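My plan is to take one part at a time and write down what I looked up.

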Amino acid sequence: MKKSIVLIMFTVFVVSGCDFIDKIKEFLGVTVPNATEEAVAVIDRGISELSVASADWQDVLTGVLEDLPEDVQSTIRTEVSELMQRGIATTGTELRCNVDFLRIRMRQGLERIKARILGTELPPLEPQLCQVVPSAIDMSLNQNRRNKIEFFGYDFDRTEITVLLIEGNRQIDISRNLDRPSHYHMTLNLGSSGANLTAQSSRIILKWGGREISSIGIIQPEPNICQTRMDNFRPANVSLMPAHATKPGKSRGDKEFDGHGPYMYCHVKLINERTRLRAKVYVTASETRRDWTYGKAERIFTIYTPDPGYEIEEVISSVVASYSYTDNDHAEDVFAGSGPVQKFKFNGDGGGSDIGRNTKVEIQFNALRVQLKETGNCVSSAMIRSIQLQDAISPVLIRKMERTPQIRFLAPSEYQLRDSLIQ
């Protein structure tokens with residue numbers, strides 16, 4: 001009898017193959033996951049396991065590869081394998097990121113793979129800087145002791161990075177002098193065949209996506225040294241509600257998830273604009289079955305402004321956090337964050353229409369720490385102390401420090417704390 005009904009359904013529904021299969025599954029009351037659905041479930045487990053601080057990311061990704069169904073798309077298996085190999089390549093090197101960095105980066109990689117499977121969007125993959133050596137250039141050193149800058153981090157090879165030399169009122173593009181020996185290591189040539197620094201050089205800036213991601217001071221002989229201080233604060237909570245999103249020429253469902261997830265994703269990035277610290281929050285909500293309702297939103301919040309006469313020289317904490325999961329009820333779900341985020345509070349599905357009504361995320365921040373310097377044409381005492389600890393300072397500058405006893409220099413223990421927090 002059911003075979004006859006299925007044949008009748010075939011003649012009635014003039015739909016695509018996938019839609020027809022879904023109709024049959026629904027009519028017969030059976031759930032038969034396909035390879036893609038199974039792959040998403042396996043990746044979900046990996047994402048969840050990598051949320052735990054003690055997780056071994058290599059073990060987790062190995063488990064994901066072993067558990068992926070045999071008939072899953074080869075591109076999915078390849079992406080997971082490449083993600084794992086990318087991480088392994090850094091384990092025998094001086095990555096100079098904190099202990100949790102790779103675990104968090106692998107989790108973000110799985111989130112991106114899952115988003116591509118579901119056909120949703122994530123922010124562009126941003127290169128991550130962990131450490132710059134030296135952190136400033138002392139022009140009183142012999143050129144052979146200041147002939148390069150090294151950058152340590154991750155994903156330097158997947159997007160364009162622009163390097164600018166500030167010369168007085170000019171910005172000179174010196175990107176051609178940037179070399180990438182690997183995706184986690186870059187060098188900027190400042191030698192005789194590299195970028196030419198002069199008495200007018202004041203700063204080297206790295207930009208990605210039109211935004212500054214690193215700034216290296218150039219300390220001229222006999223600089224004006226200015227005060228540095230630290231400030232601790234906890235930003236107020238912020239919240240964001242996704243708006244109904246569409247693909248070009250095609251709607252992404254209604255506004256109701258109806259118990260099919262949604263798969264929630266949130267990414268937080270702190271942006272240092274010197275006169276203020278801002279948090280960019282990006283959130284998506286994706287239905288896990290047809291009709292694939294989809295919402296997304298992005299907003300930038302100002303979370304800190306320094307006192308008059310000071311600017312933010314550095315954020316002394318991790319600046320990136322993300323979280324994702326598949327909702328399965330109408331209740332608020334609370335998850336521990338990482339980096340700058342203490343807690344993610346999600347509402348996914350709810351009663352009635354969800355997008356624009358029920359679905360949202362709230363961010364509760366950790367206490368943050370920033371390094372401030374006096375404004376004006378001066379070199380911060382923290383910058384000088386940093387290059388002293390890196391053995392990249394000249395006797396000329398050391399004598400200048402000794403003649404400026406009223407300036408407070410950060411202690412080595414404060415730099416150790418800073419290095420343990422920045423990722």
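**Entry 1: the disulfide.** I began with what the word covers: a disulfide is a pair of cysteine sulfur atoms within 2.5 Å. In general terms, it is a covalent bond between the sulfur atoms of two cysteines. I also note that I am working with a predicted model.

I searched the whole structure and found one disulfide. C226 and C378 form it, and their sulfur atoms are 2.3 Å apart. That value is within the 2.5 Å cut-off. I then looked up the handedness. The link of C226 and C378 is right-handed, with 75° about the S-S bond.

Where do C226 and C378 lie? I placed C226 in strand β10, residues 225-226. I placed C378 in the loop between β24 (368-374) and β25 (379-380). The pair therefore ties together parts that are 152 residues apart in sequence.

Next I checked the burial of the cysteines. Buried means under 20% relative accessible area. C226 has 4%, so it is buried. C378 has 14%, so it is buried too. I also looked up C266, which counts as buried because its relative accessibility is 0%.

**Entry 2: the chain as a whole.** I stepped back for an overview. The protein chain has nine helices and 25 strands. It runs to 423 residues, and buried residues make up 51% of them. I also looked at contacts between residues at least 6 apart in sequence. Of these contacts, 68% join residues at least 24 apart.

**Entry 3: the five-stranded sheet.** In what order do the five strands of the open sheet stand? I read the order as β2-β9-β8-β4-β5, with mixed pairing. The edges are β2 (136-138) and β5 (170-173). Each has a single partner strand, so one side of each is left without a neighbour in the sheet. Neighbouring strands here are turned by 25° against each other on average, direction ignored.

Strand β8 covers residues 201-208 and strand β9 covers residues 211-219. They pair in the antiparallel sense over six bridges. I picked out R203, whose bridge partner in β9 is G217.

I then looked for a helix against these strands. Helix α7, residues 381-389, lies across β2 and β9. Helix α7 runs at about 75° to β9.

**Entry 4: the four-stranded sheet.** I turned to another open sheet, with four strands in the order β12-β23-β22-β21. The pairing is antiparallel. Its edge strands are β12 (238-240) and β21, and each pairs on one side only. The twist averages 20° from one strand to the next.

Which side chains of β21 point to which face? D333 and F335 point to one face and are buried.

Strand β21 runs antiparallel to β22 (residues 341-347), and four bridges join them. F335 stands opposite F344 in β22. The hairpin of β21 and β22 has four residues between the strands. There, G339 takes a positive phi near 55°.

**Entry 5: two helices side by side.** My last stop was α4 (residues 57-67) and α6 (residues 101-118). They pack at an angle of about 25°, with their axes 10 Å apart. Angles under 35 degrees count as roughly parallel. The two helices, α4 and α6, are therefore roughly parallel to each other.

Which residues meet between α4 and α6? From α4 I noted W57, L61 and V64. They meet L102, R103, M106 and L110 in α6. By class, this contact has six nonpolar, no polar and one charged residues.

I also looked up V60, which is found in helix α4. V60 counts as buried because its relative accessibility is 8%. Leaving out residues up to four places away in sequence, V60 touches G46, E49, L50 and A55. L50 is 10 residues from V60 along the chain, and their C-alpha atoms are separated by 7.2 Å.

Note on methods. Residues are numbered from 1 along each chain as its sequence is written. This is a predicted model: local features need pLDDT of at least 70, side-chain atom pairs count only at pLDDT 80 or more; totals for chains, interfaces and linings use all residues. Side-chain values use heavy atoms; hydrogens and water are left out. Axes are lines fitted to C-alpha atoms, for helices over the stretch in contact, and angles run from 0 to 180 degrees between N-to-C directions. Angles under 35 degrees count as roughly parallel, over 145 as roughly antiparallel, 65 to 115 as roughly perpendicular and the rest as oblique. Contact means heavy atoms within 4.5 Å. Ala, Val, Leu, Ile, Met, Phe, Trp, Tyr, Cys and Pro count as nonpolar, Asp, Glu, Lys and Arg as charged, and the others, Gly among them, as polar. Two strands pair if DSSP finds at least two bridges between them. Buried means under 20% relative accessible area, exposed over 50%, partly exposed in between (1.4 Å probe, protein chains only).
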